[in-house]
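The sequence and model come next.

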Amino acid sequence: MNPYIKNLNRIEVLITLACTGQCRHCSEGEHLNCSEHIDGDVIAEIVRKVCGRFHIESLMTFGGEPLLYPEAVYKIHTAAKEMNIPKRQLITNGFFSRDTDKIKHAAARLAKSGINDILLSVDAFHQETIPLETVKLFAAAISAQGISLRTHPAWLVSHEAENPYNQRTSEILKEFDQMGIAQSGGNVIFPGGNALKYLSEYFDTDQQPENPYKKDPEDIRTVTISPNGDTLGEIVTVRIFWIF
């Protein structure tokens, strides 16, 4: 076994870079011409193979907006459930349709596929372009299915920093608090992509924070699969199939 991945215990799948929002804080940039997406059948089989070699404790699907390609999400999480991965997580902005019936149907399919933890990306940045009421419909549908659901906001500078964006984020979160939906710790915006382009005045360019997505290349605990099947590493990009 490759000694650098002997402690592998988590799989992350970036379903697509395509998104339903145009967030000015996004580290991925503008998301233009991002039609590429993951092959759910292929990744489901990879999940089964990886679980046959490693003790995987969690699997997460995210994007872009992963629910633009819901069938891929369902297939991957169904495989994770079959392989008894304890934590099966989805990060979504909750906006993939305005149709109430489609939203409820998607919530039921997510529950059936075995997802047991959903982080809902809501904050001042997402809600500049994503309708809050539609996201609240999705949140209510997920709660009705009994899936653990938490809001997962992006904070500018820090959770405690006083700025117009954090103030608006706090106002939005209160609406979900009133629905009985708890908050996660969220994350602090990293100065890259759109964030560096549109929010540069909020960052201290002399003291750049450490990139939270970096991994130790000699002790990889998480494998992140991108839409084209590559795995994302700190130094090089390698194919997931090289694990085998």
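The protein has six helices and eleven strands. These are DSSP runs numbered from the N terminus, with helices being H or I of at least four residues and strands E of at least two. The model is predicted: local features need pLDDT of at least 70, side-chain atom pairs count only at pLDDT 80 or more, and totals for chains, interfaces and linings use all residues. Residues are numbered from 1 along each chain as its sequence is written, and side-chain values use heavy atoms, with hydrogens and water left out.

Of the 244 residues, 47% are buried. Buried means under 20% relative accessible area, exposed over 50%, and partly exposed in between (1.4 Å probe, protein chains only). The accessible surface is about 12,300 Å², and carbon and sulfur atoms hold 48% of it. Areas come from the Shrake-Rupley method with a 1.4 Å probe. Among contacts (heavy atoms within 4.5 Å) with a separation of 6 or more, 78% join residues 24 or more positions apart.

The largest nonpolar core has 49 residues. Such a core is a set of buried Ala, Val, Leu, Ile, Met, Phe, Trp, Tyr and Cys residues joined through side-chain atoms within 4.5 Å. Ile11, Val47, Leu110 and Phe176 have the most contacts inside the largest core. Elements that each supply at least two of its residues include strand 1 (10-16), helix 1 (40-53) and strand 9 (222-225). Beyond its neighbours within four places in sequence, Val47 touches Ile11, Leu59, Ile76, Ala79, Ala80 and Ile85. A separate core of eleven residues includes Cys26, Ala154, Ile189 and Leu199.

Helix 4 (residues 132-144) packs on helix 5 (residues 164-177) at about 35°, with the axes 11 Å apart. Axes are lines fitted to C-alpha atoms over the stretch in contact, and angles run from 0 to 180 degrees between N-to-C directions. Helix 4 contributes Leu132, Glu133, Val135, Lys136 and Ala139 to the contact, and helix 5 contributes Ile172, Glu175 and Phe176.

Which residues other than glycine have a positive phi? Two are Asn84 and Val157. Asn84 sits in the loop between helix 2 and strand 3 (87-92). Val157 is in the loop between strand 6 (154-155) and helix 5.

| Residue | Relative accessible area | Class |
|---|---|---|
| Asn84 | 63% | Asn84: exposed |
| Val157 | 41% | Val157: partly exposed |
| Lys104 | 52% | Lys104: exposed |

Lys104 belongs to helix 3. Its C-alpha lies 5.5 Å from that of Ala141, 37 residues apart in sequence.
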